[in-house]
Amino acid sequence: MAVTIHGKRLPLPVLQGGMGIGISLDRLAGAVAACGGMGTISSALGGFREPDFQQDPQGANLRALDRQVRRAKNAARGAGLVAVNVMVATTQYADSVRTALKAGADAIICGAGLPKDLPAIAAQVPECDAALAPIVSSGRAAALLCRLWERHGRLPDFMVLEGPLAGGHLGFSPEEAKAASSGRPNPLHRLLQEVLTALEPFRQKCGRDIPVFVAGGVQNGADMAQYMKEGAAGAQFATRFITTEECDASDAYKQILLRAAARNLTITASPVGMPGRALRSPLLQRLAEGHRAGPEQCLRCLTPCHPAQTPYCISRALMAAEAGDWENGLFFCGGSVCAKPALTTVQTELEQLMNEWRAAQ
Ligand SMILES: Cc1cc2nc3c(=O)[nH]c(=O)nc-3n(C[C@H](O)[C@H](O)[C@H](O)COP(=O)(O)O)c2cc1C
């Protein structure tokens with residue numbers, strides 16, 4: 001059941017997915033790692049609660065990230081691993097990777113774009129030896145990244161394969177994302193085989209495993225067991241950790257998620273240039289009707305975003321969601337969502353997952 005990642009032991013085959021903005025910070029990531037999983041801090045505008053955020057967002061983000069990694073590592077007490085999720089599409093991508101490495105992150109996980117140069121950025125911090133992992137959505141992307149990383153003398157230490165039922169940004173067309181929502185068989189099984197086949201030559205070349213964790217609509221531990229029988233090293237879960245006491249979001253945000261169900265989900269176009277899965281909220285309704293809400297004060301956070309043309313500021317909308325502002329928030333949410341009567345704890349969620357996993361052996 002334990003997985004070895006870049007020479008370090010991960011006792012549980014469970015990753016908690018990074019969730020920006022402010023949903024998975026040190027409290028959630030530290031709690032997951034303390035229970036033996038991999039907890040993930042999202043680096044996306046993680047300094048939004050810093051007093052100088054409006055004047056110096058970039059400085060605030062890096063300062064906060066450094067502190068969050070150290071706190072999560074302290075909370076983990078060496079039981080599990082602490083990762084940082086960095087979106088390639090953010091303007092602070094390279095700075096965030098370097099900051100996370102210097103603060104002692106066990107792993108860097110990059111998605112929302114192809115992290116072609118991640119090994120080169122990591123090499124700028126030679127004293128750190130963290131695992132590096134891309135998030136991919138196809139065998140083609142997995143093979144391409146391996147070929148690009150080989151030029152830097154490195155191969156991924158593990159990979160996250162995100163299927164079209166994930167929450168947040170998706171590496172699929174809106175049609176594929178909608179088809180997945182409409183109850184068609186989950187293509188994650190086929191994608192897993194594609195990725196494993198694509199990785200095989202690279203595994204042979206480097207003489208070690210490249211563990212693959214599946215993500216996106218993995219419902220429970222029995223589902224995880226099935227994917228593991230099909231060759232996955234484990235699974236990444238995100239949405240189910242939002243309704244825990246340790247989740248870093250506001251209580252108002254968690255209360256909204258407690259009532260959410262799969263029928264409340266929709267696919268929206270994100271200013272990042274990718275479709276995203278989120279709760280159908282008043283903001284998305286207004287956008288669908290053609291209303292525009294461009295940024296009042298641009299934070300210059302996303303490389304592909306054009307403030308003059310963007311229909312809305314995704315960062316402000318995600319921060320509004322974190323605060324529980326139902327009218328103005330963008331509530332990213334995975335296809336695995338189901339209504340719950342009350343908040344749980346990280347320990348309860350992980351015990352439940354592992355009990356279901358054991359029962360399915
Ligand atoms: C609220 C929320 C925010 C997310 N933010 C990010 C993010 O910043 N970066 C990222 O790579 N993935 C992000 N994701 C995707 C998750 O990390 C994860 O892979 C996916 O949601 C797993 O599916 P599940 O939520 O059904 O378990 C987000 C998901 C949610 C629900």
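Tutor: Let's start with burial: a residue counts as buried if 20 or more other C-beta atoms lie within 10 Å of its own, as exposed if there are 12 or fewer, and as partly exposed in between, with the C-beta atoms placed from the backbone. What you are looking at is a predicted model, in which local features need pLDDT of at least 70 and side-chain atom pairs count only at pLDDT 80 or more, while totals for chains, interfaces and linings use all residues. Residues are numbered from 1 along each chain as its sequence is written.

Leu-188 sits in helix α7 (residues 188–206); helices here are DSSP runs of H or I with at least four residues, strands are E runs of at least two, and both are numbered from the N terminus. Which residues does Leu-188 touch, leaving aside those up to four places away in sequence? They are Gly-163, Val-214 and Gly-216, where a contact means that two C-beta atoms, placed from the backbone, lie within 7 Å. Ala-339, by comparison, is 151 residues from Leu-188 in sequence and 23 Å from it in space, C-alpha to C-alpha.

Now step back to the whole chain. It has 13 helices and 13 strands. Its radius of gyration is 19 Å, close to the 21 Å that the globule rule gives for 361 residues, so the chain is as compact as a globular protein of that length. (That radius is taken over C-alpha atoms, and the rule is 2.2 Å times the number of residues to the power 0.38.) Along the principal axes, the C-alpha atoms fill a box of roughly 55 × 45 × 35 Å. Among contacts with a separation of 6 or more, 69% are between residues 24 or more positions apart.

Val-346, Glu-349, Leu-350, Leu-353 and Trp-357 are the buried residues in α13. They cover an arc of only 95° around the axis, which puts them on the same side of the helix; that arc is made by the directions from the helix axis to the C-beta atoms. On the face turned away from this buried side are the exposed residues Arg-358 and Ala-359. The buried residues of α13 pack against β3 (14–16), α1 (26–34), α8 (221–229) and α9 (239–242).

Arg-77 lies in the loop between α2 and β5. Is Arg-77 buried or exposed? Arg-77 is exposed, because 10 other C-beta atoms lie within 10 Å.

His-6 also has a positive phi, near 50°, in the loop between β1 (3–5) and β2 (8–10). With 17 C-beta neighbours inside 10 Å, His-6 counts as partly exposed.

One more loop residue, Cys-313, lies between α11 (282–288) and α12 (314–322). Cys-313 is buried, because 23 other C-beta atoms lie within 10 Å. Its contacts, beyond residues up to four places away, are Gly-294 and Pro-295.

Of the 29 residues around the ligand, Gly-17, Gly-20, Gly-167, Gly-168 and Gly-334 come nearest; to be near, a residue's C-beta atom, placed from the backbone, must lie within 6 Å. The elements giving two or more residues to this shell are β5 (81–87) and β11 (234–237). Gly-20 is also joined to Ile-21 by a cis peptide bond, with omega about 0°, and Ile-21 lies in the loop between β3 and α1.
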